[in-house]
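Hello,

Here is the structure I promised to pass on. Please open it first, then read my notes beside it.

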Amino acid sequence: MTDITIDRFPDSKTGESYLDEGHSLASWLTTTDHKRIAILYALSITAFFFIGGFAIGLVRLELLEPHGLFLTDEEYNRLFTMHGIIMVWFFLVPSIPTTFGNFLLPMMIGAKDVAFPRLNLMSWYLFVIGATFTIIMIVAGGVDTGWTFYTPLSTLYANGNVIAAAAGVFVTGFSSIATGINFIATTHMLRAPGMTWTRLPLFVWSIYAVSVVMILATPVLAMSLLLVVVERWFGVPIFNPNNGGDPLLFQHLFWFYSHPAVYIMILPAMGVISEVFACFARRKVFGYTAMIYSLMGIAVIGFMVWGHHMFVAGQSPYANLVFSFLSFVVAVPSAIKVFNWVATLYGGQIVFKAPMLYAMGFLGLFTVGGLTGLFLASVPIDIHVTDTYFVIAHFHFIMVGGSVSAFFAALHFWWPKITGRLYPDYWARFGAITMFLGFNATFLPQFVMGYEGMPRRYHVYPEQFQVYHVISTSGTVLLAVAYILPLFYLGWSLFYGDRAGRNPWHAAGLEWEAASPPPKDNFERTPTVTGGPYSYGEDAEPRAHTA
Amino acid sequence: MNPFMFVSDVSHQAVVVDRLFFVLTGISIVVVGLVTALVVIFGIRYRKDSPAPRPRLPRMLKNEVEAGWISATAFLFFFIFWWAAASELSALNAPKNTLDIHIVAKQWMWHAQQPNGIREINEIHAPINVPVRLVMTSQDVIHSMFLPALRIKQDVLPGRYTYLWFNAQKAGIYHLLCAEFCGTEHSRMTGRIVLMTQPEYARWTETEAPTQGLAAQGEKLFRTLGCSGCHGPNASVHAPDLNRVYGHPVHLSDGRVVTADEAYLRDSILQPRRDIVAGFQPLMPSFRGVVSEEDLVRLIAYLKSLSTKNVLNQQGERQ
């Protein structure tokens, strides 16, 4: 172990930014530097984010009229399926872990790189292979199963490219697993001297928790998709009831992955928010230990609640009550986190910079998403609103209001570290507020129409719901502005932004001790850690010395 | 059609669900209000360089604050669970003597069969103030019967029966929607449920009635498919007697005792070797692929008529 962390300086290149380690395409495609791999991931998932966003933009336009505007039923179904598959597996699941996790995890624990740098590169290539299948699937005409691939629709009746879609998700799953293994090993093995488990920043804890979930849950997804392919391609009866199969088996397998997957998407966001709140309130995160226990609690209990997706699917009503109870249990740690973030503000010196505004947006939207989760955990309400727009609104509050807001908070918080440049804060704050307003305009009406009985995945719909769809689509326009805007001001900052310096936010955390952008091996010397994270304000104490 | 459906008084269950929903909404508004108020107050009071004092919380107090809100949250959540679960338990089991309407779903239509044999497409007529049960199956993919005005929904699966029951108290015409994505024309798999007073329903069943009730049609099938050859009164083959089977316990050869419901009868026709009745040889061939879902409904209706004393069903039969 120690032989990894001893001070071994790269001879000539010390101090040179990782961005200058080579400018050729080949130098990027063969890099094993965790920071460069993070950039590769960031570019790939950004492309997918806009493809997925474009798909749903068309869907929202189409829904302006109850009888549709310009799409056929088939096109409509393929577009929302494409949106779901891309956003879940090619944006949200990899989003924060593979970009900020990759870039920051080694830096936050004072390491030069992840434990297995070549595995890290391989996981990006697996992602690219999976992405290629998905692009082929889209170019070949898409798939019409919904992102959930429910059987026997997907295995026997769907007329889209189910196998290509499943193959894409299947391969990408291995990328998740490889990343998870890498992060767990890194956290265990490569912590700098003095960086004990209770001195780890909460972001590291969240990445650790999510890695555990990734390696335990993703294989189940791979198995269930493999079974879909086996039945569709070879006709082996697994889910087909006419040959003794069980269509519900697929849903159990699928949600056994896909519910923990929700936590794969939200846990890293929670880590980001803890870092941002502490920095801009200049306070230690309130209840650090409780935050760790709640992260790990969510990760563990999250495996036992999948049945709440199936209250009307035909499982035993008594099983419904058990899953309902466990779903209430898993909500407790999330509530603790919300209260602790609020309490972190108490007695702070709060600065409302752009990352903080995105994080505060997260707090509000995540709270609403979490509370509406209680509605869905209650069996009688869920029976009415499941498979309606109420559910759509709920999980978009968690995944977009929560995870995507946190992704933007992270992007704005660590942008100076990653690029070495400052962006115009005014425009970034404008973007954060636009995003918050646009999000609410898009999704709040969906709660209302969902409760009124508007089913999801409907191309044509009863006219009474039109007014809500029109409001929702107008909100989407704001949301699109908020998503596209950073392309401009962040792009501008790359060339014209002021130099950021090591620590423009005066933030605690080892990553801020390194140069911006950091050199290949992150630190001039391996830091020695002498105190806990979040030494802000009156809690400030010399934490680490790199000299 | 009522465009304003936030509150429904179409059934007792709908009222229960609405009450739960609005109390939860109230709690949510309070919590969101609290979080927002705290963020705004702290944001203003503790903005950078504001004059407000910033006392350190003593460590003891910190722990108490934390333990306080953890237990308050847990208590609140468990209370909501208990309340929701209790209202669900009371709605779990349909009463005896329901009026049974059979539903067969297929891409992309709903097919209903009334007890007296009336067939409907994308429409269900049902009386109010009578417990009505939908006995549902699908011919192809998974669908979901969604009756928003009644606040109920149940997936409809191929290869088995699922059930949905309600006791409506207000007549009217309401949406009937498919809620589970089922392929190209999923959003067109919609219709209406027509809830009528009992005299209206009786009149409707009389004017629409086909020449034969469902059970009578089933009885005919029972003979043409050859079931009566073994199960009939004069059969030479040793086969279980089907009189008074439905709704009664059946002893199986492996020692289990099951109640003969629609699902059991269906399985016994399609997979006769699965549940062998104690004391009988597994002689019966499978009728899978021979008998359609709709004919199964007729056969089962006939078997039920051999043993049920369902007043309403028999009213329906008597045309």
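**Chain B overall**

In chain B, 68% of the contacts with a separation of 6 or more are between residues 24 or more positions apart. Please keep in mind that this is a predicted model. Chain B holds eight helices and 12 strands. Of its 319 residues, 36% count as buried.

What is the radius of gyration of chain B? It is 27 Å, whereas a compact globule of 319 residues would come out near 20 Å. The C-alpha trace of chain B covers about 100 × 50 × 40 Å.

**Two sheets in chain B**

Start with the open sheet of five strands in the order E3-E2-E1-E5-E8 (chain B). Its pairing is mixed. Strand E3 (119-121) and strand E8 (162-166) of chain B are at the edges. Each has a single partner strand, so one side of each has no neighbour in the sheet. From one strand to the next, the twist averages 25 degrees.

Now look at one pair in that sheet. Strand E5 (residues 132-138) of chain B is antiparallel to E8(B), and five bridges link them.

Next comes an open sheet of five strands with the order E4-E10-E9-E6-E7 (chain B). The pairing here is mixed as well. Which strands stand at the edges? They are strand E4 (123-127) and strand E7 (152-156) of chain B. Each pairs with a single strand, so one side of each is left without a neighbour in the sheet. Neighbouring strands of this sheet are turned by 20 degrees against each other on average, ignoring direction.

Strand E6 (residues 143-147) of chain B runs antiparallel to E7(B). Five bridges join the two. B:Phe146 has B:Lys153 as its bridge partner in E7(B).

Helix H3 (residues 198-208) of chain B lies across E4 and strand E10 (191-196) of chain B. H3 runs at about 130 degrees to E4(B).

**Helix H4 of chain B**

Which residues of helix H4 (residues 214-224) of chain B are buried? They are B:Leu214, B:Ala215, B:Gln217, B:Gly218, B:Glu219 and B:Phe222. After H4(B) comes B:Gly226, which has a positive phi, near 90 degrees.

**Helix pairs in chain A**

Two packed helices are described by the angle between their axes and the distance between the axes.

Take helix H10 (residues 247-281) and helix H11 (residues 288-301) of chain A. They pack at an angle of about 170 degrees, and their axes are 10 Å apart. Therefore H10(A) is roughly antiparallel to H11(A). H10(A) brings A:Tyr263, A:Leu267, A:Met270 and A:Ser274 to the contact. H11(A) brings A:Met291, A:Leu295, A:Ile298 and A:Ala299. By class, the residues of this contact are seven nonpolar, one polar and no charged.

Then turn to helix H15 (residues 389-419) of chain A and H16(A). Their axes come within 8 Å and cross at roughly 170 degrees. That angle makes H15(A) roughly antiparallel to H16(A). The contact includes A:Phe390, A:Phe397 and A:Phe408 of H15(A), and A:Phe439, A:Phe443 and A:Phe447 of H16(A). It has 15 nonpolar, six polar and no charged residues.

**One residue to look up**

A:Tyr257 lies in helix H10 of chain A. Is A:Tyr257 buried or exposed? It counts as buried, because it has 23 C-beta neighbours inside 10 Å. Leaving out residues up to four places away in sequence, A:Tyr257 touches A:Ala217, A:Thr218, A:Val220 and A:Leu221. A:Phe303 is 46 residues away along the chain, yet the C-alpha atoms of A:Tyr257 and A:Phe303 are separated by 8.1 Å.

**Where the chains meet**

How many residues does each chain give to the contact? Chain A gives 63 residues and chain B gives 65 residues. On the side of chain A that touches chain B, several helices each supply at least two residues, among them helix H4 (73-92), helix H13 (354-377) and helix H16 (425-452). H12(A) gives the most, with 13 residues. By class, this side of chain A has 40 nonpolar, 17 polar and six charged residues.

Best wishes

How values were computed:
Residues are numbered from 1 along each chain as its sequence is written. Chains are lettered from A and ligands numbered from 1 in the order in which they are written. This is a predicted model: local features need pLDDT of at least 70, side-chain atom pairs count only at pLDDT 80 or more; totals for chains, interfaces and linings use all residues. Two strands pair if DSSP finds at least two bridges between them. Helices (H or I, at least four residues) and strands (E, at least two) are DSSP runs, numbered from the N terminus. Axes are lines fitted to C-alpha atoms, for helices over the stretch in contact, and angles run from 0 to 180 degrees between N-to-C directions. Two residues are in contact if their C-beta atoms, placed from the backbone, lie within 7 Å. Ala, Val, Leu, Ile, Met, Phe, Trp, Tyr, Cys and Pro count as nonpolar, Asp, Glu, Lys and Arg as charged, and the others, Gly among them, as polar. The radius of gyration is taken over C-alpha atoms; the globule rule is 2.2 Å times the number of residues to the power 0.38. A residue is buried if 20 or more other C-beta atoms lie within 10 Å of its own, exposed if 12 or fewer, and partly exposed in between; C-beta atoms are placed from the backbone. Angles under 35 degrees count as roughly parallel, over 145 as roughly antiparallel, 65 to 115 as roughly perpendicular and the rest as oblique.
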